[in-house]
Amino acid sequence: MLYDYNKIEEEARKKWNDNNVYKVSTSSIKPKYYVLDMFPYPSGAGLHVGHPLGYIFSDIYARYKRMKGFNVLHPMGFDAFGLPAEQYAIQTGQHPEKTTEDNIETYIKQLNKIGFCYDWNRKVTTCKPEYYKHTQWIFLQLFNSWYNKAIDKADSISNLITVFNEQGNTSVKAACDDKVQIFSADEWNGFSAKQQQDILMEYRLAFQKESFVNWCPALGTVLANDEIVNGVSERGGHPVEKKKMSQWFLRITAYAERLLNGLDTLDWNESMKDMQRNWIGKSIGAMVSFPLKNHADKIDVFTTRVDTIFGVSFLVIAPEHDLVNQITTPEFVGAVEEYKKICASKSDIERQAEKQVTGQFTGAYVLHPFTQTEVPVYIADYVLAGYGTGAVMAVPSGDQRDYLFAKKFELPIIPILDAQQNIENEADATKEGKYINSDFINGLNYKEATALLIQKLEEQKLGYGKVNFRMRDAGYSRQRYWGEPFPIYYDKDGIIHTVAEDKLPVILPNVDSYKPTGTGESPLATATEWVTQHGEGTRMETDTMPGYAGSSWYFLRYMDPENPNELVSKEAQEYWQNVDFYVGGSEHAVGHLLYSRFWHKFLKDIGKVSTEEPFKKMVNQGMIGGRSLLTQTNQIKNVEIPLHIPVMLAQNDKLTKEKFLILKKDDNRFENIEIDDVNWETDKDGNEFISLDIQLEKMSKRYLNVVNPDDMVSQYGADTFRMYEMFLGPIDTAKPWDTNGISGVANFIRKFWRLFYDDLGNAKNIDAAPTQEELKILHKTIKKVNQDIENLSFNTCVSTFMIGVNELAKQKTISKSTLTEFVKLIAPFAPHTAEILWTETLKNDSSVVDADFPTHDEQYLVESTFTYPIQINGKHRTNIELPVDMENEEIQNIVLADETVQKFTENKEPKKFIVVKGRIVNVVV
């Protein structure tokens with residue numbers, strides 16, 4: 001049989017499909033092992049060669065674990081709600097469901113060609129009603145829950161209402177809004193339905209409130225912080241501004257401590273854990289109230305340095321702070337409004353990164369809580385409404401940012417510790433020394449002063465000690481069409497009602513236009529009949545859920561994908577428990593991975609899952625970058641930015657005039673660039689061209705550097721493609737896509753095939769008994785491959801295979817037993833080739849997928865001989881192979897009798913004969 005990879009791979013896939021070899025059962029006596037990739041968004045561009053890197057890696061590991069005796073769950077699905085499909089629908093009028101289904105079909109075809117061992121019976125697609133029914137159900141559970149600190153878990157909102165009915169809220173320990181109203185049972189029972197609803201919103205885990213959000217006018221929707229990169233939308237690079245809107249949120253902050261502590265139990269790399277730790281951002285400090293002069297209100301400040309309170313010389317609040325308009329005095333209204341407009345045009349990231357000191361006095365003052373000194377109140381862009389209380393107490397002598405602000409606005413800089421140095425020129429944030437200019441803490445050290453200040457604040461009801469987190473509650477509303485509808489509607493009085501669970505799913509309706517309204521309402525608002533489905537005067541919630549909704553629990557649905565009644569049965573979840581081995585990019589650290597952990601902990605609290613964490617082990621695959629070709633500066637008149645050139649049109653790093661004319665015709669970026677606008681270079685043959693810069697970038701349709709895996713599979717075969725992607729380097733490092741080495745991998749697979757068949761396709765004789773050398777090669781390879789797979793060093797596995805096959809090819813004969821073990825060994829990496837050799841050449845009835853993975857036998861690795869280098873008077877003259885256990889006297893006799901040694905010693909008696917066992921022999925004459 002000749003090696004025809006197209007025929008071989010097609011036949012192998014047919015065998016797998018016909019025999020349903022990848023179907024997974026929950027009823028198995030084998031130990032379970034759950035291997036999962038982050039499922040893809042099915043874009044119109046399809047897969048590029050960077051996508052399968054993690055998929056191949058996890059597929060190899062899944063196959064390996066199955067051959068090691070585990071019942072392996074290795075599914076695939078699609079994160080199908082998203083902006084790209086909606087943007088395409090806006091442009092073409094085509095329903096996003098249609099384009100999404102077409103794209104999914106393309107993805108499945110591409111994935112199948114690469115030979116993944118997915119159980120497609122378990123496929124999930126987040127935009128299907130039978131899937132998002134359960135996403136809506138989880139939202140209802142969040143809406144009907146609150147976080148009870150007394151039991152440190154989520155609790156039913158009905159239990160909280162019972163407490164309110166009987167006791168009010170004075171004894172309630174909850175994760176809730178900061179400024180909840182204190183009330184008795186009688187007061188609660190006297191509130192209107194709307195008032196009770198508003199109070200419960202301050203406790204619910206899914207709640208609605210007015211908030212400043214990241215509004216993207218171009219996309220017509222609110223964006224989460226992790227959807228903004230460098231101040232613009234991650235999708236499309238559009239400007240983002242602050243806007244106050246009524247939004248749904250999830251109270252992820254209630255789980256902050258558990259999310260933080262849970263990281264210590266996970267087998268993730270430390271940099272990934274640190275990204276989550278920093279995002280959660282735990283800090284211990286105090287909440288301090290500064291009463292406003294001539295106002296009934298006060299400004300609350302959270303500080304981690306309450307010890308510096310006597311150094312406060314001004315307060316800064318966020319331009320969006322609720323009190324700004326109330327406290328600004330008439331003479332400063334114009335300036336404050338102008339400053340607010342400037343800040344609204346900047347993202348949070350831009351404001352935090354701003355180097356120039358800016359701010360605006362409001363005309364208002366607060367009173368220092370201990371000294372009653374008047375303290376001026378400013379607004380400034382470096383204070384964010386969404387972090388802490390949106391206010392900071394400024395201590396210029398201890399904080400450089402405050403110091404620069406004080407210098408600019410000529411505000412006092414008060415030294416507070418005798419150890420502070422050089423505060424004439426800069427702030428000193430030291431905690432060393434004794435306090436000065438600090439009233440009743442003068443002479444104390446940091447620890448003493450902090451304890452006494454918190455005690456005084458609490459005694460005088462001016463504040464209290466507090467743990468704070470940088471992480472904010474997660475925005476959960478999007479003003480878009482292509483997302484999960486909320487199971488929520490409003491009656492004529494604005495009271496919120498939930499859709500009954502037995503009426504789920506709430507189906508996404510058809511609309512005439514997918515364009516955002518631009519007013520903050522989603523396109524669903526135009527579906528009048530759908531909006532009023534619960535009767536005259538009622539209104540469905542017209543926002544849709546965000547992209548992370550369906551991806552925060554999808555790993556559970558794979559366990560029980562066809563269950564119509566619940567997201568996962570108790571039996572299925574308790575068997576599969578959670579994901580043992582999760583592969584995905586580190587860019588999801590503070591998005592998908594954090595949200596999934598939060599949802600999982602909540603589902604555990606309400607008894608739907610039995611584990612605290614969703615993903616035991618996390619492996620981050622590095623990016624395979626594309627080779628981008630860009631024009632250089634000043635090459636084209638009036639074009640100052642580099643332009644990406646399609647890789648297929650360039651010749652190495654040059655773009656010829658002929659290819660430029662093709663670009664002019666087909667690419668609208670070049671249609672207005674004339675031939676004379678280009679500064680042409682000329683080669684020695686008189687051909688005109690422009691030089692291009694080569695750059696490694698993320699593969700993207702936008703960068704014109706996408707390499708389609710279909711082309712690689714067509715040209716080299718899937719097994720070669722799989723092994724080459726692994727051969728490129730360690731899984732967790734970024735690497736460029738370069739096909740220079742792929743032919744070497746293709747040659748290796750052909751060489752492996754030739755252990756079984758000659759160049760004419762005739763089967764070789766493999767009936768001989770295995771030799772000791774052959775067994776040594778085999779077991780050395782088995783040992784190294786097992787070690788490397790366990791260490792996730794798949795690139796070195798490929799090298800080990802190459803060495804092993806090269807050594808076997810040098811043997812005069814190779815036994816069937818040795819080749820059988822080699823086929824099993826290579827099966828996870830090159831499954832198509834292994835399958836055909838296993839079933840058709842080696843005549844096995846079952847698939848190689850179900851074979852036992854080889855284990856080495858140490859006895860074949862014990863070296864019985866050693867080839868000694870022989871030195872004469874310090875110069876290497878020859879090598880002699882001798883038994884490792886031979887005595888020195890016998891070694892001397894054999895060495896001195898060797899013809900080559902006698903030639904160089906001239907048969908003289910040696911002065912010294914030195915043997916270093918297992919290393920070297922040195923003869924001195």
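Two strands are said to pair if DSSP finds at least two bridges between them. Strands (E, at least two residues) and helices (H or I, at least four) are DSSP runs, numbered from the N terminus. The structure is a predicted model, in which local features need pLDDT of at least 70 and side-chain atom pairs count only at pLDDT 80 or more, while totals for chains, interfaces and linings use all residues. Residues are numbered from 1 along each chain as its sequence is written, and side-chain values use heavy atoms, with hydrogens and water left out.

The chain contains 30 helices and 33 strands, and its C-alpha trace spans about 110 × 75 × 75 Å along the principal axes. Of its 925 residues, 52% are buried, that is, under 20% relative accessible area with a 1.4 Å probe, protein chains only; exposed denotes over 50%, and partly exposed the range in between.

Strand 15 (residues 374–379) has two pairing partners described here. With strand 13 (residues 314–317), strand 15 pairs in the parallel sense over 3 bridges, and Y378 in strand 15 is the bridge partner of V316. With strand 14 (residues 360–367), the arrangement is antiparallel and comprises 5 bridges; here L367 has E374 of strand 15 as its bridge partner. Strands 14 and 15 form a hairpin with 6 residues between the strands, where Q372 takes a positive phi near 65°. Strand 15 is mostly covered, since 5 of its 6 residues are buried.

K665 lies in helix 21 (residues 657–666). K665 is exposed, with a relative accessible area of 73%. Between K665 and P561, the separation is 104 residues in sequence and 49 Å in space, C-alpha to C-alpha.
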